[in-house]
Amino acid sequence: MSATAITGLSLGGGAKTSAPISWKVPIALTALTLLVGVGFSVGVGPGEVSHVTIETGNSWSGRPTFDLPTRASVIVLALVAALAAGYSWWRASRRLKIGRWVPAVAGAALVVAFLLWAVGGREQSLQATSLLSGALFLSVPLIFGALSGCICEHVGVINVSIEGQLLAGACLAAVVGSITGNPWIGLICAPIAGALVGCLLALFAVRYWVDHIIVGVVLNVLVTGLTSYLFSTVLERHAVFATRVQLPRWEIPLLRDIPVLGPVLFRQNVLTYIMFVVVVVLQIFLFKSRWGLRLRACGEHPKAADTVGIKVNRTRVLNTILGGAVAGLGGAYFTVAAGLAFGKEMSAGRGYIALAAMILGGWKPKGAILAALLFGFADNLQNALGVVGVEIPSQFMLMAPYLVTIFAVAGVVGRMRPPAAEGQAYKG
Amino acid sequence: MSQTAPPPTAGAPSPQTQGRDWRAVARRVAQGSAVTSVLAVVVALVLGAILIAAANSQVQATAGYLFARPGDFFAALGRTIADSYSALFQGAVVNLSASSAGDFLRPLTNTIGHAVPLIFAGLGLGIGFRAGLFNIGAQGQIIFGAIFCGYIGFAWHLPVGVHLVLCVLGAFVGGALWGFIPGILKAKTGANEVIVTIMLNSVAAFFLGWLLTREAFRKPGSSDPLSPTLDASAHYPSLFGTRANLGFVLAVAAAIGVWWLMERSTLGFAIRAVGANPAAAQTAGLSVAGATVWTMVLAGGLAGLAATSQLLSTSAQQLNSDVAGTFGFDAITVALLGRSKPLGTVAAGLLFGGLKAGGYLMQASTDTPIDVILVLQSVVVLLIAAPPLVKAIFHLPDEDRQARKAAKQARLALRTEATA
Amino acid sequence: MRLELCGVTKRFGAFVANDAVSVTVEPGEIHALLGENGAGKSTLMNVLFGLYRADGGEIRLDGKPVQFAGPGEAMAAGIGMVHQHFMLIPVFTVAENVVMGHEPVKAAGLIDLAAARRRVKEISDRFGFDVDPDALVDDLPVGAQQRVEIIKALSRKAEILILDEPTAVLTPQETDELMAIMRQLKQSGTSIVFITHKLREVQEVADKITVIRHGKVVGQALPTASQAELAELMVGHAVGLKVDKSPAQAADLALEVEGVSLVDQSGLTLLDNISFQVAKGEILAVAGVQGNGQTELTQILIGLRPTTAGRISLGGRDLTGASVHQILDAGVGFVPEDRSKDGMVASFNIGENLVLDQVDHDPFSQRGALKIGAIADNARTQIGAFDVRAPGPEATIGTLSGGNQQKVVLARELSRELRLLIASQPTRGVDVGSIEFIHERIVAERDKGTPVVIVSTELDEVVALADRIAVMYRGRFVGVVPADTPRGVLGLMMAGVPYAEAVAQPAAGETTPGGSASQPAAGGDGATT
């Protein structure tokens, strides 16, 4: 732009009008803090104590149990949440961006407050470490599923068939593992099954332009039907297909001794370690590699990709299959990782939860993983509290992650940006 | 150029244009001619036959000495497939070995029984599709319909007629309530309805599970998660003494009502306009938010009615955690197959209802698990959504596709030329 | 490199987009392809670029016949294209966009960002582009995005550069800069195919001109040819862009807009303190380069977006914050700029589209039930009155030509008693025959005493229709000026130069739309902001 063009025009001058402030986050945080903070601290007897046991990972310090005064702890945590809420008011009033960490801190504080409140006054101690490591394991299929969703959506294909891919992976892994008696061979077969479902998704969505969500939903029905049929006719009747095999649990030397983190992260099933690798590789390669650049180009603006010589539909097909394989690998969780034989519909809707995690995480691997961990945590919370003997109706505990997702989708994710061309056939 | 000029986007599709063009989806499905539909069913049956044969122990046994005595193998193959499909047919349409007219037609009434919930929920989902909403929440909406309907049915003791009417209304209100939530969230905050409805399905299931542990919803003196039996005054009257009941009449009436709503009312006009082009609808002063909420309320209400066929049928029913079965998900395929149109939905509902009714007989009499029905259903829907594939399988000339493609390209070309 | 297109033919079904087109582009030449919207220029270039496959004819490079299966092959052969709608990915950085498709990589397929940045730097330094390789494309102004496209093509060693309507989104000054870049490229030996429908630009920069009409080459010309000659070649008959209209009989004020501002969620000021009035029986035309707030202004006037500040009233009635429905009911007719996105439902039939914004009113419905008969009657009447060429009222509107679609939209808006007509880009993508018809209708509505607001990025249209002209730049009204303001002054104002300064610049007063070189009296209807 030449200099003359701008002369004499004072841009943005005059009476400056400002954008309306969005008070959504501060209001939500404040309401939540008041509700939880006041509710939990009032409902506690004065002398109540919460026992929390932590595995330090060191053989010598063992498993210390901390006795925390319930009311005081809850109040402190509520104050932390209140501070976060206050900070969000201040940021909002200055029209500054409120970082994602603010609701995260408030949420974490309130969740811990809830836990302490729940175990307050109980004999049994809350096993904090196993709560976390169990949560990590439970989130394994969700993370694989969500990553599959990320790959597919970034290339422009909506993958609703994660559920079917998990189920197919679980089934083939179990059957092959059982026949060969070797869980590793089963593990290798899991992604193959998922990739086959991915092939079908690619065939119908990319080649025949069928609406992606329709294909996804119908493929889930198809895989459910096929595996259930196989189960009823063959697997159930012949022991050779239904022998349990299990992948080992590895304790990584040295790393397992890191206090708290060691027991949580490094005393896990092999599949969990594979997941760590997949997570890191995807996060890097999706955004920094030639493969990732081309893949995302196809999902953002396929025509632009085409005009620089990228074969859009071929890229979409290959990566949809890859996505299927990743989800299929996650299916191994249900059988060879958990040490179970295949059972009808054993993925039990986890694929849909993984889809939700991916969306909740804003279509990014990092966010998707956090959301999946959140779901895994909520899932395991019920077990952990059950051990302590807390009677909160289990249904409400189980409901919690779904409700959180609804709130998040309505409040936060409403503005997030999916890949621009997702779900659109490229007919160029 | 740094401060205030709104940077026009670099040609990427704007977020507003991302609404799924359900009309286009419906059109695509509709363009699959009757021939394609029939061929799709044929392909599905052939695939099903392969599955049935592969799992049959006799076929497996004879395959072992296929080359020694191929006759045995093919006889076993033929017999297995014929038996299974014959059972499927006789379980769904007419019982050929029946002694009385009632027995002869009984399978048909079973089919109707299985079809009614699919039709109700499918009609609701169809409205959603035409409004551009992908409602996966029929399952949860059925559960909420069942909770309301069931509670009114067993807890209130009312005269014949009034009781039935209130139960049906309750089912509608319950489903509508559960449909209202994703509707209002979508309208007010833009929350993705796919996610919200998936989540609400689970929430509804857990909520029902919790209710059934409560005193008010449990059969007195029992610890099972089962409600008391619904009063007889709340049952649908049987049609001509058969197992088919008034629920079917209601479903057909609902289909006619939905047709009128979509084609002849201003609300339906708005729903269709919003579904086909939300931006234009908004510019024309139609309320996108209103249409969204109404669509979800109606869709939920219709799905809720699906619960009545379970709870109010003469084979006395109780509210239990499995009251919704998988009707909510099956209904998605029904609505897709029915092209989101009322008449099509009724037909698709009857087809899938028949498959289910026949599937039970097949399972009982031939050792073929009913799960094969799921495979048939999904293959049919997939193929009908992709007519070129069917044509490729049967080596049919695919003229419409060529023509469609050419027309599309011409339009595209005109558009690129025209926008300066 | 010498490029020859010999008898290239491209059909879409029965529609012939290119009919045996032959063009030769010599090395180092700027060759203009001149033609109306829809003449087939872009299709021809898409064929050349390998996006479409030709149905007949041959493409030769340096005498050798070539065939491109896709754009990749065309680029490898040394052809680069800057598309009318940029082929850039908004969420990628400049460097990522430039290297996409031929990325420099390190081990394991990771992109070598340093090398990518170098590539961008190298070319942008050579031509003096000021482009940051790490900026997100989404954050760049249009002119800079276009330069990224040029860098993208040059980084692939393009020897022939196709520019498809490159000036459509630029201000006159940015256009001048582009012309300079084109000359510079030519100096360095690159051939340029310059696709446009703007006569002045062709005259200014082209070495040779090929005119295309209805998919056929209708003539060759040199830039020395007069505008009238070129226009006649392009359109096929002598064009009088002037609409016959009597002077406005402006009466009482009708639309009053006071201090309207719009700030979006991210704090970006889209409209900045806009005030104007329109009287009954006059046309106010809003001129400006696309993307300077015109869209937002019309959205606010029709109620699609709420204002952040300011007041809008019509005939004394306050309409600030009213809903679209209320504003339509208040008698406002609205023709949106993007017809197929906002103006019609493509899968609905003509009859349904004709009642789209009146369906809940008498006589088209009663207590929630549609009156099918009344809707059909209305369709027949309007199809006749507006000369819509269609098989019948049941025809799906998506199957009609752009001009006929626009007539349907206009018919819908003009078929009732209006107190205000707002028409945005009323003739975009419309054939010449329909343009005249639509302009006449708009003037007729004015003569009935309706206040009219026209928004157009086509200066010709603005000048043809306006009684007064408002020029918009970056969300502000630079000024409201009389209809006979010289084109040069308007051009400068479109780049943000206030009226007084624009008039004072030496080059500004040279051409006026009417052909007379008279300077308008300054002041009078001068700037209001």
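Where does A:W363 lie in chain A? A:W363 is placed in the loop between α16 (350–360) and α17 (365–388) of chain A; helices (H or I, at least four residues) and strands (E, at least two) are DSSP runs, numbered from the N terminus. The model is predicted: local features need pLDDT of at least 70, side-chain atom pairs count only at pLDDT 80 or more, and totals for chains, interfaces and linings use all residues. Residues are numbered from 1 along each chain as its sequence is written, and chains are lettered from A.

**View 1. Positive phi at A:W363.** Although not a glycine, A:W363 has a phi of about 65 degrees. Most residues other than glycine have a negative phi. A:W363 is buried, with a relative accessible area of 7% (buried means under 20%, exposed over 50%, partly exposed in between; 1.4 Å probe, protein chains only).

**View 2. Positive phi at C:R367.** The phi of C:R367, a residue other than glycine, is near 45 degrees. C:R367 belongs to the loop between β17 and β18 (369–370) of chain C and is exposed, with a relative accessible area of 83%.

**View 3. Cis peptide bond between C:D362 and C:P363.** Omega of this bond is about -5 degrees. C:P363 sits in the loop between α12 (350–354) and β17 (365–366) of chain C. Most peptide bonds are trans.

**View 4. Helix α2 of chain B, with B:L47.** Helix α2 comprises residues 34–55 of chain B. B:L47, found in this helix, is partly exposed, with a relative accessible area of 37%.

Notes: Heavy atoms only, no water.
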